[in-house]
Amino acid sequence: MNPIVLALLTVVLGVIACATYFFGSNWVLDRIFPDEGPNAGRNITRANAIRPWLFLLPAILILGLYLVYPVFNSIYLSMMDRSRENFVGLDNYRWMIADDKFRESLFNNAMWLIIVPAMSTFFGLIAAGLTDRIWWGNIAKSLIFMPMAISFVGAAVIWKFIYDYRGEDQTQIGLLNSIVTGLGGDPQAWITIPFWNDIFLMVILIWIQTGFAMVILSAALRGIPEETIEAAVLDGAGPLTVFFKIKIPQIAGTIAVVWTTITILVLKVFDIVFAMTNGEWGTQVLANYMYRMTFIDGHDGRGSAIALTIMVLVIPIMIWNIRNAMKENS
Amino acid sequence: MDGSAGKSPALIWVVNISAILLVVLWTIPTFGIFVSSLRDRDAISTSGWWTALSASEQSLVARADAPDDAVQVGDAWVISGSVFDGGVAGEVTAFGSRAQDPTSNTPSEPLVLRDDGVLEIAENGDYTITYTAQPEGNRGARIFYTTEVAPEITTENYETVLGSEGVAQSFLNSLTVSIPATIIPILIAAFAAYALAWMEFPGRVLLVAVVVGLLVVPLQLSLIPLLKFYGIVGQAFGVSAKGYVGIWLAHTGFGLPLAIYLLRNYMAGLPREVIESARVDGATDFGIFMRIVLPLSFPALASFAIFQFLWTWNDLLIAKVFLGQSDNQMVLTGRLVELLGSRGGDWEILTTSAFITIIVPLVVFFSMQRYLVRGLLAGSVKGG
């Protein structure tokens, strides 16, 4: 059968199944505890105690299986050997700490963590500041925001084309090398130069994430009360002073949110490295190394240990997020 | 909103020019592959894509008529013709007679050939070789010339890629993954979000905290345990561990925290009076949800749908892990990575395939941008 027909059929069946579950379970609940007759009051209370769980059941089951159970299972697996049969205690973690590639990944991830959120937020802030002041701001925003829709793999191809390298005597078809040779320099194989190649990979993610930062920050900038700005202008502050001394402090909270959102994305960065260098030339990162360990080298224990490392790095942000959400609710 | 500051003309110029610079920087990479995907294979590998926008210079070679065919004109023997015979016409900017130095002369300078003939070429490509004595030989002289050729657009790459590289099949596979993986989580999340927003029960606050926490759990953690689980389920039912149902549910699981979070925030912001008065009128929670909350939540549903669609369409990792590598299961991103490995230097294939993979997200993006922005704001600004 044509896969797309199969997909549509599944969608229809899935919707029907879902509807049947929600309608059906509610109907059954109302039959068991009818809201009339001698025990109407008690029945309504009981039905109302159970109904939320009927609404939540599918979500809880799926979240449990796909996100909660794997966390605990991974802790267990990280203490098993390659075949998942023998308990090896902390051996995988010992291997990890001694492993050069793991250290390289950790170091690279740290660089990504510092540079990508900072630069994306920085460019996002500039883009927001600029586009809010021009009549064609919405068009400009759309275009800067556009890379957000492009897959990491698509972006990798787009940028690999820009970084393309040919021998010195050939015409350079990569934009970057063409500019370099045009300025009288020698063409370079950019993605093989240690250290700098990391930066060239980060540029791709910065390119994608700037639009996200811009959209959020632009909304925050517009939410700043007009009076604070007017007061500063009356005191003789120039536009730059107003932007950096008055506006930025007022949106500090939003900047933090943008920063942490991009940080989480960076911790999981996989596709870009996988497609551009596959971790060669000193560009390995945790997520790609985890993939390599698990699905190429076939060592689930070590793969789980690396995945847990990512999890541990995410935990501070998780706690911060939960505290913020709780504050908002109370 | 541009405040009362910054009205001076100089500043307006600076702002506009900086904005243009930023926009150009951000769009040029994508524009580059789009232009390249419309260029001929040889053109891509011999010149940068930016040259395709203007006329491009090409170095070509033509062979003049044989000396035996020279015609006597007065005292001289002349061979004449056009270098563009049988080719695309253009304008000659330079020519030469030796491969080592193909641009030695410009159209106004005559060139003395090895056999003492004098070669002249006009800008329109007409050439004459003049001899003082009757020349001999049956092989004409080679003329190297440089010409301006107008840009040429071709859709050939798209025909090649869709026809023979398996990209068309992958396109369908990507749709097969994305559509159900977008709709299923919405259904499940909408009910859960309503319960978390408007129903009273013990443990509600804790559940919201769990959902917020799960938002950031790296999905790398789930890959091995789930694959193992799928293996067991597959064996029990005698089906392959890798298949579409598996990936739909995986995407559902990974998208559910965001879906519940976004929808709950939105539903919690609906006016309390509407829901309270419906309760007073005797409507059940189920009725309130179906008839009031769900229709009112349309903007939030649309926001999440766009996120989830873009995310599932653009995903590489989950597809690589939960789907097979055969033609009828490989999605577009996986295909593109594969081509990057196997067709590394064939930029006509790569740029075209890349453009095909990004065209659907771009259409979705530009047509539904409003909802996307709204969703982003709902998902992020709240925390600040």
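Trp281(A) is partly exposed, because 16 other C-beta atoms lie within 10 Å; a residue is buried if 20 or more other C-beta atoms lie within 10 Å of its own, exposed if 12 or fewer, and partly exposed in between, with C-beta atoms placed from the backbone. The model is predicted: local features need pLDDT of at least 70, side-chain atom pairs count only at pLDDT 80 or more, and totals for chains, interfaces and linings use all residues. Residues are numbered from 1 along each chain as its sequence is written, while chains are lettered from A and ligands numbered from 1 in the order in which they are written.

Trp281(A) sits in the loop between helix 12 (271–276) and helix 13 (286–296) of chain A; helices (H or I, at least four residues) and strands (E, at least two) are DSSP runs, numbered from the N terminus. Its phi is positive, about 50°, although Trp281(A) is not a glycine. Most residues other than glycine have a negative phi. Phe195(A), also not a glycine, has a positive phi of about 65°. Phe195(A) belongs to the loop between helix 7 (175–182) and helix 8 of chain A, and is exposed, with 11 other C-beta atoms within 10 Å.

Helix 8 of chain A covers residues 196–222. Its 27 residues should span 39 Å at 1.5 Å a residue, and its end C-alpha atoms are 37 Å apart, which agrees; the expected span is 1.5 Å times one less than the number of residues. A kink of about 35° is centred on Gln209(A), the bend at a residue being the angle between axes fitted to the seven residues ending there and the seven starting there. Of the 27 residues in helix 8 of chain A, 20 are buried.

In chain B, helix 7 (residues 244–268) packs with helix 4 (residues 167–198) at an angle of about 40°, with their axes 6 Å apart. By class, this contact has 24 nonpolar, 4 polar and 1 charged residues. Helix 7 of chain B bends by about 45° at Gly255(B), and Pro257(B) follows within four residues. Because 22 of its 25 residues are buried, helix 7 of chain B is largely enclosed by the rest of the structure.

Between the chains, the contact takes 94 residues from chain B and 100 residues from chain A, where two residues are in contact if their C-beta atoms, placed from the backbone, lie within 7 Å. The side of chain B that touches chain A has 63 nonpolar, 28 polar and 3 charged residues. Ala, Val, Leu, Ile, Met, Phe, Trp, Tyr, Cys and Pro count as nonpolar, Asp, Glu, Lys and Arg as charged, and the others, Gly among them, as polar.

Conventions:
Axes fitted to C-alpha atoms, helices over the stretch in contact; angles between N-to-C directions.
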